[in-house]
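Please read the following account alongside the sequence and the model.

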Amino acid sequence: MIADLTRAERLWAMLILGALGLIGLAMAIGGRNDLLGIHGWIVLAAGLAGFIAVMRGRDAPEPGAERLHEYYDAPTRVGLILTLLWAVVGMGVGFWVAALLAWPDMTFDVPWLSFGRLRPVHTSGVIFGFGGNALIATSFHVLQRTTRARLPDQISPWFVLLGYNLFCVIAASGYLMGLTQSKEYAEPEWYADIWLVVVWVVYFAIYMRTLARRKEPHIYVANWYYMAFILVVAILHIVNNLAVPVSLGSAKSYSLFSGVQDAMTQWWYGHNAVAFFLTAGFLGMMYYYLPKRAGRPIFSYRMSIISFWGITFMYMWAGSHHLHYTALPHWVQTLGMAFSVVLLVPSWASAGNALLTLNGAWHKVRDDAVLRFMALAAIFYGITTFEGSFMAIRAVNSLSHYTDWTIGHVHAGALGWVAMITFGSLYSIVPSMFKRERIYSQKLVEVHFWLALSGTVIYVFAMWNSGVIQGLMWRTYTESGGLTYSFIDSLVAMHPYYIARAFGGLLFLLGALTALYNVVMTIRMPAPAPAPEDAGLDIPAKPALQAGE
Amino acid sequence: MPFDHDTVVGFSKSFGLFYLVALSVIALVWTYWPSNKKGFDEAAKLPVLEEEDRPWRG
């Protein structure tokens, strides 16, 4: 890692890490009477550890100019491993909180083991830890291949990757201590938010600088999706997190918005986090890795452009469907509903485009679990976007909102779409990224596939059942007009589904652990021996064609 | 023009409609413009080209 840096970059790295350590020290001193101080110590430790690592490696010989004839993949390699580690953490905590809902006594009266503190560790862990690292790692890979240009330097990709993970650690440790600004998916407090803005600006700059040096005249559509993800997430993050801290020595801050404006800003952010973090970025992944793995160009490039602009124009206006039947003006709710329904067009254009690309390569989907992960992701993407458009309709929402149906919908998207496309893409690049001939065990990929699929199906069906039952119980009236069921009645009815949900989540977690094991074993496999030149043996250059090919 | 609720709503409901329609028309025309087809067809082949896994310049 440090041997990759030029001398000037090592100096820059030490300056940046030294400054980070000083900021941590200032936070630790200024926030000594506050939880901010603990985060100060964490930042100081991160800065110091990095500084010492660079110091120790600063005398290594400089990388030669031959590095410029290779893509810079070291950050992608580390990013892939971080992706899997966060998957295990995020999904592990997810399984635990699912079990807590079925057996609520398991908090053991420890504050940081309570549901309210652990749940954001799960959501941030999977969305930002697992999803975010996967997006950063794959975006660096796709960007270089589709532009035929190396990343602009060796230090900014590390700044983005490691800085982003520092944000994730600050976020998760803050939740456990009880630090939150109480905005869903935007829980981290003001100092973590400012740090993420810095990291994100550098991320976008890497994209711009690499594109500026590209060889390909046309910017491949996957990059559009990745850039929409980076740019829009920056806008959403900055606006939704506008807040004034109580003091520079306090972790607590107050939002600039209040009342229904606050709610609207939050759900404009929240739904577009789904749109641009969990959709646009992963569509970028799909538009590169799926055609690549299938060995067929995307079915319709024009359709991918139409879907791109459709998604970017329309998602922006859909957020208000989270606020049906609230103080939000009725016309704004209707606007969100209408845009959500129309969104089905670009969403299905992408899902259809992916499946039509596979049309003619179904035998590969049958034989190759990696491509099957991607095919299944496209199917789940189609299912989830249809369900989402449907649930945004006000009358449907009156049944589904505040129930487990929403949770089922989110997980159909997160497990079925986001995680499947991520695992498929990850398996497809791990061998080449770590310079191995193949993945350690194709069988374990197969095991992972079936664990992931069965886990997702069990999870989603459990939540659909419990959600609809909840919704119906809450709106059943007696003859005299009172409610037939108390809230606790509906809770008791949920118990078996909560157990089923925890079991589905456990299967999915086991799949992620299988992936981590398989990737670690792939890295530990001996590197392939360099091809014997002119050995005089009559070995076919390519494996014989399989039946059906 | 006062910067009150009704003005903002009026602006959103009028300008908001027109600029979205205009952007959609521009995107559609550009996508289906006949001379753009060749570039798109070539771009679509990018992920499946079996070329050397190296950047184009040192």
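In this predicted model, helix α11 (residues 344-358) of chain A packs against helix α13 (residues 369-391) of chain A at an angle of about 160°, and their axes are 9 Å apart. Here helices (H or I, at least four residues) and strands (E, at least two) are DSSP runs numbered from the N terminus, while axes are lines fitted to C-alpha atoms, for helices over the stretch in contact, with angles running from 0 to 180 degrees between N-to-C directions. The angle makes α11(A) roughly antiparallel to α13(A), given that angles under 35 degrees count as roughly parallel, over 145 as roughly antiparallel, 65 to 115 as roughly perpendicular and the rest as oblique. The crossing of α11(A) with α13(A) is left-handed, a term used if the near helix is turned anticlockwise from the far one by less than a right angle, with right-handed used if clockwise.

Among the residues that α11(A) brings to this pairing are A:Leu344, A:Trp348, A:Ala351 and A:Leu355, and those they meet in α13(A) include A:Ala378, A:Tyr381, A:Gly382 and A:Phe386; two residues are in contact if their C-beta atoms, placed from the backbone, lie within 7 Å. The residues of this contact divide into 10 nonpolar, 5 polar and no charged, where Ala, Val, Leu, Ile, Met, Phe, Trp, Tyr, Cys and Pro count as nonpolar, Asp, Glu, Lys and Arg as charged, and the others, Gly among them, as polar.

A second pair is formed by helix α3 (residues 74-102) of chain A and α5(A), whose axes come within 10 Å and cross at roughly 15°. That angle makes α3(A) roughly parallel to α5(A), and the crossing of these two helices is left-handed. A:Pro75, A:Val78, A:Gly79 and A:Leu82 in α3(A) meet A:Pro157, A:Trp158, A:Leu161 and A:Asn165 in α5(A), a set of residues that divides into 6 nonpolar, 2 polar and no charged.

The loop between α3 and α4 of chain A holds A:Phe108 and also A:Asp109. Phi is near 55° at A:Phe108, a positive value in a residue other than glycine, and near 60° at A:Asp109, again a positive value in a residue other than glycine. A:Phe108 counts as exposed because it has 7 C-beta neighbours inside 10 Å, and A:Asp109 counts as exposed with 7 such neighbours; a residue is buried if 20 or more other C-beta atoms lie within 10 Å of its own, exposed if 12 or fewer, and partly exposed in between.

A:Gly178 lies in the loop between α5 (156-177) and α6 (190-212) of chain A, and with 13 C-beta neighbours inside 10 Å it counts as partly exposed. Leaving aside neighbours within four places in sequence, A:Gly178 is in contact with A:Pro111 and A:Arg117.

Turning to the chain contact, 27 residues come from chain A and 21 residues from chain B. On the side of chain A, the elements giving two or more residues are α4 (115-147), α8 (259-294) and α9 (301-315), with the largest share, 6 residues, coming from α9(A).

Chain A as a whole has 17 helices and 2 strands, and buried residues make up 49% of its 549 residues.

Residues are numbered from 1 along each chain as its sequence is written, and chains are lettered from A and ligands numbered from 1 in the order in which they are written. In this predicted model, local features need pLDDT of at least 70 and side-chain atom pairs count only at pLDDT 80 or more, whereas totals for chains, interfaces and linings use all residues.
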